[in-house]
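Trainee: I would like to learn how to read a structure like this one. Please take me through it one feature at a time.

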Amino acid sequence: MFLGLDSSTQSLTAVIIDPGSGEITCQLSVNFGSSLPEYGSPSGFIPGGRDGEVHANPLMWLDALDLLFTRLAAETDLSKIRMIAGSGQQHGSVYLDSTFDSRLAGLDISQNLSTQLSPSLTRATSPIWMDTSTGTECAEITSATGGPAAVCARSGSIAIERFTGPQIRRFYKTDPAAYGKTARIHLVSSFIASVIAGKSVPIDFGDGAGMNLLGLAKLGWDTELLAATAPDLGSKLLPPAPQTSVQGTVSPYFTKKYGISENCRTALFTGDNPASLVGMGATTPGNIVISLGTSDTFFAAMPGPKTDPNGFGHVFGNPAGGFMSLICFRNGSLAREALRDQLGLDWSAFDQPALAATSDAAGKNQMLPFYGPEITPRHDFTGPVLQGSAEFESAENPGLQVRALLEGQFLNMRLHSGWMGVKTERIRLTGGASKNDGIARLVADIFQAPVERLDVSNSAALGAALVAAAADGHDLEALQDVFCKASAGSTLQPDRSLAAVYDEALVKFETLLKANR
Ligand SMILES: Nc1ncnc2c1ncn2[C@@H]1O[C@H](COP(=O)(O)OP(=O)(O)O)[C@@H](O)[C@H]1O
Ligand SMILES: O=C(CO)[C@@H](O)[C@H](O)COP(=O)(O)O
């Protein structure tokens, strides 16, 4: 059996697979907000950050790890696990002093992880992907390394606020003493992987490419980007490595406390989006994945590291080898939740019967669907912009607003993914909102492509479990054929009569966007 873990924005999830039977034998999730309310982070991050700061408490992730393994051990025989791999929300970073490794090596099973590892944190909280506080640092890194096009050509992305390099630079500038005490910087993925391995392990190419520090050509840390980011940064990062590289056996803390076998090994962890690419069976070019999690992301395998001329899209490592594109839309579920709560609705208002009731309004009303700052495209928070009928703008009919929000979100996605030049043959949907048939149908109609969903909603944790099996010698493509099949009857064909409607709506949406820049 193989265990995949995913430490995402809002939850920590485990998926266990048995390649022998082709079955997923266990799926469990710990929601940070509801299971660990003492951290005051109902959506997985600390609310009220200033100047665009969005941080989370890394001790919350450690408590979730203890809680998840306690629940797993009660539910399943963990001694059968041969390999563990995992993923984490991308870009988030954890700062540790020189005692981190010795603390990992000496963990005592009578105490929990957070108590034992908290003294090694040099930064109490971790900036995560929602943080937009580093505009100045992005500009500094960009000017020191030859401009946006140069940074993009080297690292696969222009300097981006949420990426880890600019976040590290801001930490160095605001608290140079704490930066000086930092001996190791981890991403969420490599932090959790290190705890599981009982020693610091490298960042993988998939997640490492989300830092503005990894040179894509050589798949190593780029010395110029390191120097432009913060002093002595190279010594604080282990050399990056492929996700399937095995790091030895699992820490005795987990074998003794939770009954994992002493022979169980662990592979590197990656970002949640690269792991989802695996879990969605989309590691070969031709498929598009849209993940509707806290954020919405659009990603696909790419034969080469093609970059977005407008700077919104990114290039990451594909865990199966080669590259993948990724475009992140910050408003995602957060905007859907905001409108739902504002109008006093529940998710049924976003589902098929409710959307069918407004089908005559398809493409007719426009909304810039930004209920918080947006990154694709960059849009400061001013509230959503509405343009359409009086009935729509006055919210007389809430259904019209729901339709316009969803249409706006997917038109925005279509507009900002054109640079990839990939014909959308098939879309695989994942993430919390993907189970919603109304949303899935709109995706099919707006992109004019068939939409499929898999039985498993935890695609990142499943992808991690598949990588664990591949690291143990199983063939990844054969595993994907078994575990990543679309659910029977789940494929939604686009309504071809709406092709022209949404082509026209796309033009109107772009015009509204330009007028509100
Ligand atoms: N039926 C539904 N319709 C629309 N959105 C939903 C539905 N159920 C859950 N969601 C959304 O899914 C989100 C969680 O998705 P998930 O992929 O678990 O998030 P993450 O990976 O970012 O932690 C919730 O914030 C919620 O808004
Ligand atoms: O910033 C990005 C990708 O660049 C986000 O997609 C994060 O990786 C968070 O993912 P979720 O927890 O929302 O799935």
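Mentor: Begin with the polar contact: a pair of N or O atoms within 3.5 Å; within protein, one must be able to donate a hydrogen and the other to accept it, and residues adjacent in sequence count only if both atoms are side-chain atoms. In this structure, the side chains of Ser133 and Arg170 make a polar contact of 3.3 Å. This is a predicted model, in which local features need pLDDT of at least 70, side-chain atom pairs count only at pLDDT 80 or more, and totals for chains, interfaces and linings use all residues. Residues are numbered from 1 along each chain as its sequence is written, chains are lettered from A and ligands numbered from 1 in the order in which they are written, and side-chain values use heavy atoms, with hydrogens and water left out.

Trainee: Where does Ser133 lie, and is Ser133 buried or exposed?

Mentor: Helices (H or I, at least four residues) and strands (E, at least two) are DSSP runs, numbered from the N terminus. Ser133 lies in the loop between E7 and H5. Buried means under 20% relative accessible area, exposed over 50%, and partly exposed in between, with a 1.4 Å probe and protein chains only. Ser133 has 11% relative accessibility, so this residue counts as buried.

Trainee: Which residues is Ser133 in contact with, leaving aside neighbours within four places in sequence?

Mentor: Contact means heavy atoms within 4.5 Å. On that basis Ser133 is in contact with Asp51, Gly52, Glu53, Gln167 and Arg170.

Trainee: Why is helix H7 described as largely enclosed?

Mentor: Helix H7 covers residues 164-174, and eight of its eleven residues are buried, so the rest of the structure largely encloses it. Gln167 and Arg170 are among the buried residues of H7. The buried residues of H7 pack against several elements, including strand E6 (93-96), helix H5 (135-144) and helix H11 (223-229).

Trainee: How many residues of H13 are buried?

Mentor: Eight of its eight, so to read the list is to read the helix. Asp272, Pro274 and Gly279 are among them. After H13 comes Gly281, with a positive phi near 65°.

Trainee: How many residues surround ligand 2?

Mentor: A residue is near a molecule or strand if one of its heavy atoms lies within 4 Å of it. For ligand 2 there are 14 such residues, and Asp272 is one of the closest. A polar side-chain atom of Asp272 is 2.7 Å from an oxygen atom of ligand 2. For Ser8, an N or O atom of the side chain is 3.1 Å from an oxygen atom of this ligand. Helix H13 (272-279) and strand E16 (323-329) are the elements that give two or more residues to the shell around ligand 2.

Trainee: What surrounds ligand 1?

Mentor: 14 residues, with Ser8, Thr294, Glu337, Gly432 and Asn436 the closest. A polar side-chain atom of Thr294 lies 2.4 Å from an oxygen atom of ligand 1. Glu337 also has a polar side-chain atom 2.4 Å from an oxygen atom of ligand 1. An oxygen atom of ligand 1 is 3.2 Å from a polar backbone atom of Gln10.
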